[in-house]
Amino acid sequence: MADKGLVETINEVVPHAINRRCARHIYANFKRQFAGTALKRYFWQAARSYSAAGFNFALYKIKELKPAAYEWLLKIPAEMWSRHAFDPRIKNDHGLNLVKEESRNCHLLVAGDYEFEVQDENINYIVNLRERTCNCRVWDISGIPCRHAALGISHRREDLDSYCDSRFFKENYIKAYKYSIHPVPDQTFWPHGVDVTPTLLPPIIKRMPGRPKKSRRKEQGEESNAIRRSNMVKCKVQSKLTRKRKTPPLAGRKRKAAVISSSQPPAPAQVSSSQPLPKKRSVVPSMHAAGSSSQPQPPSYLGAAYLPPSFWRGIGVSPHKEIRSKKHNDAKGANDDETCSQQ
């Protein structure tokens, strides 16, 4: 039994078990030899088809595109990877969430009390509520009414849940899990002299460096179920969706302008003689001893009345005398102007 494959071994040990293969792993091996968008689309159409007609149509398209790919798929039994060939005793892969909404797009023709003809996308399906069958075979495989059957059930004003398979009922679920798993005593309490060591031991686990990964590694082209967080937020300044940033747009521009202005040298201040300067000014020119041949001259933009007393003491001149002489000269100039105007 060791030289046989896994599927053959399971069939020999558990002959009544139903075996299936993962369609994703089959496609991973399929695309290594036969890549292409069209081949991928028809492969999944064949795997998810509930009817033999849809399965055969998808394989026919694959044969037209790549005959070698068609021969490769024929080597795998259809009941292991195609939905239409699954054993109807196993009910799964369907729900009632959108059945009633999808049934609104169908058109119903009444043939009897429990028999209807439903037209869906130019295709007619026969529904028999008494036998709980439909030509689309969704009801047969999943155990939950399809949209064609849901339209007939709604026409009869009956509950949709009553036509579901009994395996989905709460009572049967409780019956399946009513048995408890009994605990096993510690190995020290096992009977002595009895060899209970299994012949096949598990492999030795070798811890790899780094943090252990919780999820398996996704293959190239495989869809990821990870939730992508958007980096768009609503700006409080502009009241619209923008990308995440540390500072608002206006604050960022103000900060940039401040950086540019600080990098440039300050412009020289231009002081007008008509505008009064502050009374307290800390501008004190260098002082020389009185009687020196080179006396310091006050700046041209400063008035005599606003220079500190220390400046006048340094050059040996009284500030009050300088102010009186300046006023006298201004008054004399004004009188001269009036005399010239009268003449």
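Which hand does the crossing of α3 and α4 have, left or right? I started there. The model is predicted, so I kept local features at pLDDT of at least 70 and side-chain atom pairs at pLDDT 80 or more, while totals for chains, interfaces and linings use all residues. Residues are numbered from 1 along each chain as its sequence is written, and side-chain values use heavy atoms, without hydrogens and water.

**Entry 1: α3 and α4**

I took helices (H or I, at least four residues) and strands (E, at least two) as DSSP runs, numbered from the N terminus. The crossing of α3 and α4 is left-handed; that is, the near helix is turned anticlockwise from the far one by less than a right angle, and clockwise would be right-handed. I read a packing angle of about 160°, with the axes 8 Å apart. Axes are lines fitted to C-alpha atoms, for helices over the stretch in contact, and angles run from 0 to 180 degrees between N-to-C directions. That angle makes α3 roughly antiparallel to α4 (over 145 degrees). I listed the contact (heavy atoms within 4.5 Å). α3 brings Ala38, Leu39, Tyr42, Phe43, Gln45 and Ala46. α4 brings Phe55, Phe57, Ala58, Lys61, Ile62 and Leu65. By class, I found 10 nonpolar, 1 polar and 1 charged residues. Here Ala, Val, Leu, Ile, Met, Phe, Trp, Tyr, Cys and Pro count as nonpolar, Asp, Glu, Lys and Arg as charged, and the others, Gly among them, as polar.

**Entry 2: α2 and α3**

I looked up this pair next. α2 and α3 pack at about 150°, with axes 11 Å apart. α2 is therefore roughly antiparallel to α3. The crossing is right-handed. α2 uses Ala23, Arg24, Ile26, Tyr27 and Phe30; α3 uses Leu39, Lys40, Phe43 and Trp44. I found 7 nonpolar, no polar and 2 charged residues in this contact.

**Entry 3: α5**

Which residues of α5 are buried? I found Ala69, Tyr70, Trp72 and Leu73 in this helix, residues 67-74. Buried means under 20% relative accessible area, exposed over 50%, partly exposed in between (1.4 Å probe, protein chains only). Down the axis of α5, the buried residues fall within an arc of 160°, so they line one face. The arc is taken from the directions from the helix axis to the C-beta atoms. They pack against α2 (23-33), α3 (37-48) and α4 (52-65).

**Entry 4: positive phi**

I checked two arginines. Arg132 has phi near 60°. Arg132 sits in the loop between β3 (123-128) and β4 (133-134), partly exposed at 36%. Arg157 also has a positive phi, about 60°. Arg157 lies between α8 (147-155) and α9 (170-176), in a loop, and is exposed at 77%.

Notes. Angles under 35 degrees count as roughly parallel, over 145 as roughly antiparallel, 65 to 115 as roughly perpendicular and the rest as oblique.
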